[in-house]
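Here's a walk through one model, taken piece by piece. Keep the viewer open as you read.

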Number of protein chains: 4
Amino acid sequence: MKNTFGTTVSVTIFGESHGPAIGAVVDGLAAGIPVDTAYIAQEMDKRRARGDGLSTARTEADEVEFVSGVYNGHTTGTAITMLIHNRNTRSKDYEKTADLLRPGHADYTAYAKYNGFQDARGGGHFSGRTTAAVVAAGALCRSVLQTKGIRIATHLSTCAGVRDLPFSAQTEELLAQQQMLNEKNFAVISEAAGAAMQIAIRSAAAEGDSVGGVLETVVTGLPAGVGEPFFDSVESELAHLMFSIPAVKGVEFGAGFGFASLRGSAANDAFRMQEGQIVTATNHNGGINGGITNGMPLVFRTAVKPTPSIYKEQQTVDYKSKTDATLQIEGRHDPCILPRARAVQDAMCAIGLVDLCTQRFGIQWQVQEG
Amino acid sequence: MKNTFGTTVSVTIFGESHGPAIGAVVDGLAAGIPVDTAYIAQEMDKRRARGDGLSTARTEADEVEFVSGVYNGHTTGTAITMLIHNRNTRSKDYEKTADLLRPGHADYTAYAKYNGFQDARGGGHFSGRTTAAVVAAGALCRSVLQTKGIRIATHLSTCAGVRDLPFSAQTEELLAQQQMLNEKNFAVISEAAGAAMQIAIRSAAAEGDSVGGVLETVVTGLPAGVGEPFFDSVESELAHLMFSIPAVKGVEFGAGFGFASLRGSAANDAFRMQEGQIVTATNHNGGINGGITNGMPLVFRTAVKPTPSIYKEQQTVDYKSKTDATLQIEGRHDPCILPRARAVQDAMCAIGLVDLCTQRFGIQWQVQEG
Amino acid sequence: MKNTFGTTVSVTIFGESHGPAIGAVVDGLAAGIPVDTAYIAQEMDKRRARGDGLSTARTEADEVEFVSGVYNGHTTGTAITMLIHNRNTRSKDYEKTADLLRPGHADYTAYAKYNGFQDARGGGHFSGRTTAAVVAAGALCRSVLQTKGIRIATHLSTCAGVRDLPFSAQTEELLAQQQMLNEKNFAVISEAAGAAMQIAIRSAAAEGDSVGGVLETVVTGLPAGVGEPFFDSVESELAHLMFSIPAVKGVEFGAGFGFASLRGSAANDAFRMQEGQIVTATNHNGGINGGITNGMPLVFRTAVKPTPSIYKEQQTVDYKSKTDATLQIEGRHDPCILPRARAVQDAMCAIGLVDLCTQRFGIQWQVQEG
Amino acid sequence: MKNTFGTTVSVTIFGESHGPAIGAVVDGLAAGIPVDTAYIAQEMDKRRARGDGLSTARTEADEVEFVSGVYNGHTTGTAITMLIHNRNTRSKDYEKTADLLRPGHADYTAYAKYNGFQDARGGGHFSGRTTAAVVAAGALCRSVLQTKGIRIATHLSTCAGVRDLPFSAQTEELLAQQQMLNEKNFAVISEAAGAAMQIAIRSAAAEGDSVGGVLETVVTGLPAGVGEPFFDSVESELAHLMFSIPAVKGVEFGAGFGFASLRGSAANDAFRMQEGQIVTATNHNGGINGGITNGMPLVFRTAVKPTPSIYKEQQTVDYKSKTDATLQIEGRHDPCILPRARAVQDAMCAIGLVDLCTQRFGIQWQVQEG
């Protein structure tokens, strides 16, 4: 349904980069969920540009305004609408080059789809700006999961060619990593790797270029039995959401593409009893068998392409005159979107999991004790 | 919606491996589409096991019975129901080991979700058997696309560690590759690579083991402007469907995870005019910008894990007694699912594209001339 | 979604009157629900034609064949597919008059929608025959509701101008009426009224004519708090389903159109405490306030038009020649559909309520004790 | 989906009576539709309270603020979000009697559903206030229909026991009636009937009471072939939407409940050729056969109950203390909602028809010439 996703809990995203506001409607959250505006602001802050050379100079306060569905600090059970106003827009940056299709962007495809009526300023509806609304919606959903002991954390697994340390296979250590990552703005397990990434990003930026990478998410505390086959497997639902994030071009679960070079005997995760619980000795399947959670940590990765907005001169086409042309982009852009995109990935993951858990456990589960 | 997917064209999948039949309901196809049963049989045949050492000895005729929605050789415009009867079932193969959770399978998660009421015979609803219904549904959808000049082809890009030749960047050559692949049962571009793959598969099978790989699909002839942001991008829709295929654990578009090591200047696909058309010089984005087709070939790959059913002894848990155990699987299984799964991937792709094209162009587009 | 309806529990209906079979896929029922085939057969029997002068001479055994989703006498939690084969078809009855649009039928509108590719035999997809699949699906849903103490009963409130006695306002008496109605094939509270109706129906049939009426349903045992505003109110959901029944042209809840002549002071249902429960002194709102159940009996009525298939000569148009014509219908038809349609209304009601209750209480509610 | 409705064109409604704003997201409108803010304001004005003794003294400017999806005076093709701020709220009116359940309102059912977390001020999400957002969304949809020659008009068929003149069976006269009604705030065909209705409304108001009635809508210019069986018939879709309007308790199409007393020979609409077109001699079926439009005027009526907010003393229950109580309502209320509700009915009708027409003709139909 285009701008709406979800079965029991649904999210509708709207807005354009240079319009009055972007926002989200979240429907299907139970009545009585505490709305922690400080927590939401903290999540919004992780996605916020800082103008620090790692992200765009377009910095926005990104305050979330609640229009409906929240009363006396709690959800009312009806549709929750959140607005985030666009304040720091400089549409003039785009005017000079408005007819030059930016490579790697949706400029051309938006023309093909919307016949020239799209709001092209700053990428319009296709801008990464819309993901601020995702983060707001996700923060609401995530706060529900946290009361259930379901924890999400994402790190820059690879960025600009630099690799972070992996998530730990030990539960205690993994939980500590999750907490640490959720307190960081630049989400890496290894500070050294993070420093190297930042150098590499600044180096690319200095050349007017951009870099990509891989974001890895791990979810702990998910009970076994969540997911809806045939079509609404955990993988299908989460991949659907992840591929809605601009710049995501790949999604893999567990060993993912690494499965291609494994034999079944190495790929299969042996079951075993541990303290009365069924667990698996390895977790190549990333916590999912047959599309349903098995109680092990849920693990997935996304491939994030380098920001297409680069300052180097590029070959392109002038859409109006239908002639070849060269483009020198202006405006304010991120040389690397990963440090901010991790907050969007966390949020999308939370949205998907609240929906799947509510399908499995019912809406009252969201506010039940224990 | 669990077993139903799609907005304007929807598919509902039902059935269990050892039940009376599996099947599909396809809704939203226009009235008047010719139903070519020979073509459907040919597609079914590509997914069929041959008992040739590359695939399971459970061979099924897989005849498609039309229950509704087809009259006088054409679609009527109402829901089309297809049944494929299960004939060659040997449920006894599973009885001895019924309580031993098969690693890599949905046995445990099905218990967690269905409280012991699942039909566990042969994997039940989680069996790859259900994908026969997908192929039948997909063949209907694909025949619509073909009248529009939209061609789908999938090859075993990598299998058992052996790499096939890539798709060509030249249009004529690419179209020829597509045609060739669609005429083959073992879908490789390079016969030599195919031979090496078959040797590697048989070698693994001889050891009671299994292998995985990567399936790559290319779609030609798709017009620009197809896809529905924010949530129903081409990537989101196709990934949703691909991850519904049992054993798929990764999906990537264009350069996919390869984007992680590219800079923006190398990753961006420059636009240029070619014979009056806007094209891109490279196709790292796999024919999609901002979730919408740009008229270039659509390219994606799936990571297919090695079949979890292997004959080697495995460590597991006895679900009833909740104790550690060892498992020696019997039954009839594929040492490698890729040669058959390519037909499922083609079908899923066709289902997704017919839905997206119908959203863009309307239901009558399906039967319009030209 | 055309042939699929429902959010947490969905039903897909397929089939044509003279095709091989009609059927339904029910998705979203919990694993472990006992499938009582005798009960389903009993409900099917209520919809069955008897060839007794009150209903069509086309009598079908209407055995329900389970294709998927049921194992060992219980639901498995996956999609349940049921088939009902068409055996007693006489397509030749329709051939002579195939181009003459039957007044009151969908012949013309099917042409307009399906461009001549519809299966017109016996009305095809528009035949009341498809409602056999609704009854099968509804029987499954209803058996879930019954374990929760939620009882549905429908009577012929008015038929052929004869009025039945009303439902009682006394709980005990109402429950007794429900039970009595559910044991009857000709569902009236007053035997005398029923006898008069049957005479009136036979009298119309003798003249080659048909009659309509009003079916009234009451549901007891529904807890307060069920229903999903804004759009998925109990009224919206049930009316959506009721208007899917061929021949239903009106739906009203509680006082319904009678509200038009009431003042607010007479229409409002006063709340009062009764044995520790909040009840209403009257029930003009039919158990629903603001689209949500209030714990009082749910009451609604449908207007069922007289069967359009009559044997009297009618004025019409020859679709092929586009000329005025006269039509003398042959075939086998019901002079009054109400005695059979009440089973369809019960079924549709059960489908809607299981979906709404599952949205409110979760899927496990379906199989919970108490 | 609770607060979202529609397949190809969907509308999401949000907001509470005394919250910051109410609003709607409309998704699925084509790019390039002119947005006529004056027309929207005119439709909003028809729903606006005037404080004239016929409607509540709470008068709101009801200016529609576009947050997304509109640029340069045209739709962009992405989600359109509209806000209508609540300015004239007097929540104190409700404080004194907050625990006293208002008869005929959703106070009790909201408690049952939302466990006390609902925003009860002014009825919150259940207030008729939310229908202002419906009117805004409907005006957008209606402007699309008008460019296709599809005209909607609604009149107070019966109000306070006074009956208006019927719609004409003559096309020219009917079109003139439609135009006249759409220019009126008090939508009656007969000025004399309107004057009598106003006297009756004021008379009830003077007694602290309220009145109901029947709203009748006729749509002209709809092509044959619109509507989606089995479940998404024109009747099902429109009834679903109509029953979402607070206070609507009945919906009937064509002869509706009048069918109950007709024989088939009188009820059937004979087909005939007229100027090369297939028409029906009568229109008892209200322009719909088998759930699909037949090209004749679409006719339906809703039963609107008297406003439950009356100033007479009422018997009720104190929810907190669970004791019987008496209630004397304060606040500002409409003695009759019909004069304003007709604008909501027009809007809902437009929403449903744009969705159904887009399913049939495709999204580009919305902006095609002719």
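## How chains C and D meet

Two residues are in contact if their C-beta atoms, placed from the backbone, lie within 7 Å. On that basis, 88 residues of chain D are in contact with 89 residues of chain C. The chain D side of that meeting splits into 38 nonpolar, 35 polar and 15 charged residues. Here Ala, Val, Leu, Ile, Met, Phe, Trp, Tyr, Cys and Pro count as nonpolar, Asp, Glu, Lys and Arg as charged, and the others, Gly among them, as polar.

Before going on, a word on the source: this is a predicted model, where local features need pLDDT of at least 70 and side-chain atom pairs count only at pLDDT 80 or more, while totals for chains, interfaces and linings use all residues. Residues are numbered from 1 along each chain as its sequence is written, and chains are lettered from A and ligands numbered from 1 in the order in which they are written.

## The symmetry behind it

How is chain D laid on chain C? A turn of 180 degrees with a shift of 0.0 Å along the axis does it, at an RMSD of 0.0 Å. That's the relation of a two-fold axis. The copies are superposed by least squares on the C-alpha atoms of residues with pLDDT of at least 70 in both. And 100% of the interface residues of chain D are interface residues in chain C too, so the copies meet through the same surface.

There's also strand pairing across the two chains. Strand 11 (residues 248-253) of chain C and strand 11 (residues 248-253) of chain D pair in the antiparallel sense over three bridges, with V251(C) opposite V251(D). Strands (E, at least two residues) and helices (H or I, at least four) are DSSP runs, numbered from the N terminus, and two strands pair if DSSP finds at least two bridges between them.

## A buried methionine in chain D

M242(D) sits in helix 7 (residues 234-242) of chain D. Is M242(D) buried or exposed? It counts as buried, because it has 27 C-beta neighbours inside 10 Å; the cut-offs are 20 or more other C-beta atoms within 10 Å for buried, 12 or fewer for exposed, and partly exposed in between, with C-beta atoms placed from the backbone.

Leaving out residues up to four places away in sequence, M242(D) touches V248(D), V251(D), T302(D), Q345(D) and M348(D). One of these, V251(D), is the residue that V251(C) stands opposite.

## The five-stranded sheet in chain D

Chain D has an open sheet of five strands in the order 1-2-3-7-4, with antiparallel pairing. Strand 1 (4-5) and strand 4 (64-68) of chain D are the edge strands, each pairing on one side only. Further in, strand 3 (residues 21-27) and strand 7 (residues 80-85) of chain D pair over six bridges, and V26(D) has I80(D) as its bridge partner.

Helix 4 (residues 131-147) of chain D lies across strand 2 (10-15), strand 3, strand 4 and strand 7 of chain D, at about 30 degrees to strand 3. Axes are lines fitted to C-alpha atoms, for helices over the stretch in contact, and angles run from 0 to 180 degrees between N-to-C directions.

## A hairpin in chain B

Strand 17 (residues 314-318) and strand 18 (residues 323-327) of chain B pair in the antiparallel sense over five bridges, and T316(B) stands opposite A325(B). The two strands form a hairpin with four residues between them. In the turn, K322(B) has a positive phi of about 55 degrees.
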